[in-house]
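Student: I would like to go through this chain step by step, from its overall make-up down to single residues.

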Amino acid sequence: MKVILRLCPTPSGSLSSAFQVDAQRRHVTVQDPSLPPYTPPHLQQKLGAVGPEKVFTFDSVMPPDANQSEVASAIMADLLKTVVQGSDSCIFSYGYGPSQSQGKTYTMVGEHTSSQLMGLLPSALSWLFA
């Protein structure tokens, strides 16, 4: 099983200051949103943080500016190889999507106006039957 996180920007176009993303290390740090962005851990309690920051590590982290084709390439290559070899696979999209152009349906289906905007499912079908 692989867990790949795709972070979506807020409606204002930015990522919440509660999240710090390190795509190379494949982790996301979550801190109390009432704190200033990137508050060092030793200052968090002094500033009244509700709790310590938490670090979550994933198999891959897609940054908020990742486009549909980057997401599809990162996820589908290994998955399609195992499907063609006879294994079962599942893509599960979960979470709150702040806008129609960044949510679960957009990630899975996308737009059919160009290959760069296709979601995971049309991309998979295109790659399988191309």
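This is a predicted model: local features need pLDDT of at least 70, side-chain atom pairs count only at pLDDT 80 or more; totals for chains, interfaces and linings use all residues.

Student: In what order do the elements of the protein chain run from the N terminus on?
Tutor: The protein chain has four helices and five strands. From the N terminus on, their order is β-β-β-α-β-β-α-α-α.

Student: What percentage of the residues in the protein chain is buried?
Tutor: A residue counts as buried when its relative accessible area is under 20%. The protein chain has 130 residues, and the buried share of them is 29%.

Student: Which strands are the edge strands of the open sheet?
Tutor: Three strands form this sheet in the order β2-β3-β4, with antiparallel pairing. An edge strand here pairs on one side only, and that applies to β2 and β4 (54-57).

Student: What is the average twist from one strand to the next in that sheet?
Tutor: The sheet is open, and its strands follow the order β2-β3-β4. Going from one strand to the next, the twist averages 20°.

Student: Which residue in β4 is the bridge partner of V30?
Tutor: Strands of a sheet pair through backbone hydrogen bonds, either parallel or antiparallel. For β3 and β4 the sense is antiparallel, and the pairing covers four bridges. On the β4 side, V30 has as its bridge partner K54.

Student: Is T29 buried or exposed?
Tutor: T29 lies in strand β3, residues 27-30. Beyond its neighbours within four places in sequence, T29 is in contact with A18, F19, Q20, E53, K54 and V55. The limit for buried is under 20% relative accessible area. T29 has a relative accessibility of 7%, so T29 is buried.

Student: And is Q24 buried or exposed?
Tutor: Q24 is found in the loop between β2 (19-22) and β3. Exposed requires a relative accessible area over 50%. Because the value for Q24 is 78%, Q24 is exposed.

Student: How far apart in space are Q24 and S60, C-alpha to C-alpha?
Tutor: In sequence, Q24 and S60 are 36 residues apart. In space, their C-alpha to C-alpha separation is 8.4 Å.

Student: What covers the buried residues of α4?
Tutor: Helix α4 spans residues 120-128, and its buried residues are L120, P122, S123 and A124. Their cover includes α2 (68-84) and α3 (104-108).

Student: What share of the accessible surface of the protein chain belongs to carbon and sulfur atoms?
Tutor: The accessible surface comes to about 8,700 Å². Of that surface, the share of carbon and sulfur atoms is 57%.

Conventions:
Residues are numbered from 1 along each chain as its sequence is written. Side-chain values use heavy atoms; hydrogens and water are left out. Buried means under 20% relative accessible area, exposed over 50%, partly exposed in between (1.4 Å probe, protein chains only). Helices (H or I, at least four residues) and strands (E, at least two) are DSSP runs, numbered from the N terminus. Contact means heavy atoms within 4.5 Å. Two strands pair if DSSP finds at least two bridges between them. Axes are lines fitted to C-alpha atoms, for helices over the stretch in contact, and angles run from 0 to 180 degrees between N-to-C directions. Accessible areas come from the Shrake-Rupley method with a 1.4 Å probe; for residues, only the protein chains shown count as cover.
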